[in-house]
Amino acid sequence: MVRMYDALETRNADERAAALAEALPSQVARAKALSGYGEALADVDPAAITDMSALAALPVLRKSELGAKQSADEPFGGFTTRRAQDFDHVFQSPGPLYEPGMISKDWWRMGRFLHAAGIGAGDIVQNCFGYHLTPAGMIFESGARAVGSAVLPAGTGQTDLQVRAAVDVGTSAYAGTPDYLKVILDRAAEMGVSLNISKAAVSGGALFPSLRQEYAERGISCLQCYATADLGNIAYESPAMEGMIVDEGVIVEIVTPGTGNPVAEGEVGEVLVTTLNADYPLIRFATGDMSAWLRGESPCGRTNVRIKGWMGRADQTAKVKGMFVRPEQVASLVARHSHVHKARVIVTRENEMDKMHVQIEADGGDWTEYANDVHDLMKLKASIEVLEPGALPKDGIVVEDKRSYD
């Protein structure tokens, strides 16, 4: 018998509908009272929004709207019920975009996923998500605290020290991007040491089947979740590994990109999320990610709906080593130099690692200067190729993801 995180995970359809009818009107009312929503919800009667069909009639909120409304007076754009100084943390993601966070009560709801991954009391989690400005490190640390695990706040980089710490401390679980665990394991093998890691909870990038299999062959059970800085945990894998189970603290819709209209069952569409977080009531928030519904319930016994997982982007945005690379960042790269005409980012996989290559169409220029600009704008390292004017295809593509997700 699988031990659940709490009773919410096994509710029947009637219990879920009743809980939704109670929680949704209150959350819409909170949002309506916030300046960030402006006129978008002005004519909405929150008491009438009690089910999915009523929710689907509300406008879609896009990430660009959050950034456009953020200012020194309103760091969160008027979309939070607390002032910035009343939160425990203020984070900055690329854009820049500012996001709030709280230490208490597993604010991002990551404990549910870590529990499903078998992580709990007695484990020491080597948390290799970043702690600098962006929230991923704190998101997973909060979840680890919720399930009673100790945390080694390792962050990213310094692989030799990561290996040494894993050996000395005896870490039993890893949290981080899918790729970086392989870097640590391979370096440990080169150093001639054995690690005690047997569980991995990953996010921030696609977990490719070949990489999961490699971890399994090394005795590591690796599960992934789908989460964002704004929403926290959206969906997660259980040991059944059949799709991703939607988290109990959010409402997920899958819609035709750009419309907000729900897709037919089985069709691929854009993921919209309504969060039940009273501090940050995001209503029909467009993630830009694509997915589809998976029929039935998980064999693990959890009864909430499931999605098939991440199936690409509704735009040309790509996630590389846990960081989003967006068309507007490529545009900023071009705008920095009068002699640059066009640029294209190409994302591939090599030795189970993401690789980024940037082609720049320019009247000359120093590739090292361009490399510094790429790192400054996208927070990632890349190989650079300078091309003659007119060399790039005229197909409108500025971020090309060549990775296979099969």
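**Interdomain interface and side-chain pairings**

The model is predicted: local features need pLDDT of at least 70, side-chain atom pairs count only at pLDDT 80 or more, and totals for chains, interfaces and linings use all residues. Residues are numbered from 1 along each chain as its sequence is written, and side-chain values use heavy atoms, with hydrogens and water left out.

**Domains and their interface**

- The domain assignment, which is automatic or taken from a database, gives domain 1 (13-313) and domain 2 (318-401).
- Taken over C-alpha atoms, the centres of domain 1 and domain 2 are separated by 28 Å.
- In contact (heavy atoms within 4.5 Å) are 14 residues of domain 1 and 12 residues of domain 2.
- The two domains bury about 1,100 Å² between them, 58% of it on carbon and sulfur atoms; buried area is the accessible area (1.4 Å probe) that two parts lose on being put together, summed over both.
- Pro94, Asp179 and Arg313 supply 39% of the area that domain 1 buries against domain 2, more than any other three residues.

**Salt bridges**

- A salt bridge is a side-chain nitrogen of Lys or Arg within 4 Å of a carboxyl oxygen of Asp or Glu, and the structure holds 32 of them.
- Glu9 forms a salt bridge with Arg302, with the closest N and O atoms 3.2 Å apart.
- This pair links distant parts of the chain, 293 residues apart: Glu9 lies in the segment before helix H1 (13-32), and Arg302 in the loop between strand S14 (293-294) and strand S15 (306-307). Helices (H or I, at least four residues) and strands (E, at least two) are DSSP runs, numbered from the N terminus.
- Across the interface of domain 1 and domain 2 there is 1 salt bridge.
- Arg349 forms a salt bridge with Asp179, the closest N and O atoms lying 2.8 Å apart.

**Composition of the domain 1 side**

- Helix H7 (178-191) and helix H8 (209-217) are the elements that give two or more residues to the side of domain 1 that touches domain 2.
- The residues of that side divide into 5 nonpolar, 4 polar and 5 charged; Ala, Val, Leu, Ile, Met, Phe, Trp, Tyr, Cys and Pro count as nonpolar, Asp, Glu, Lys and Arg as charged, and the others, Gly among them, as polar.
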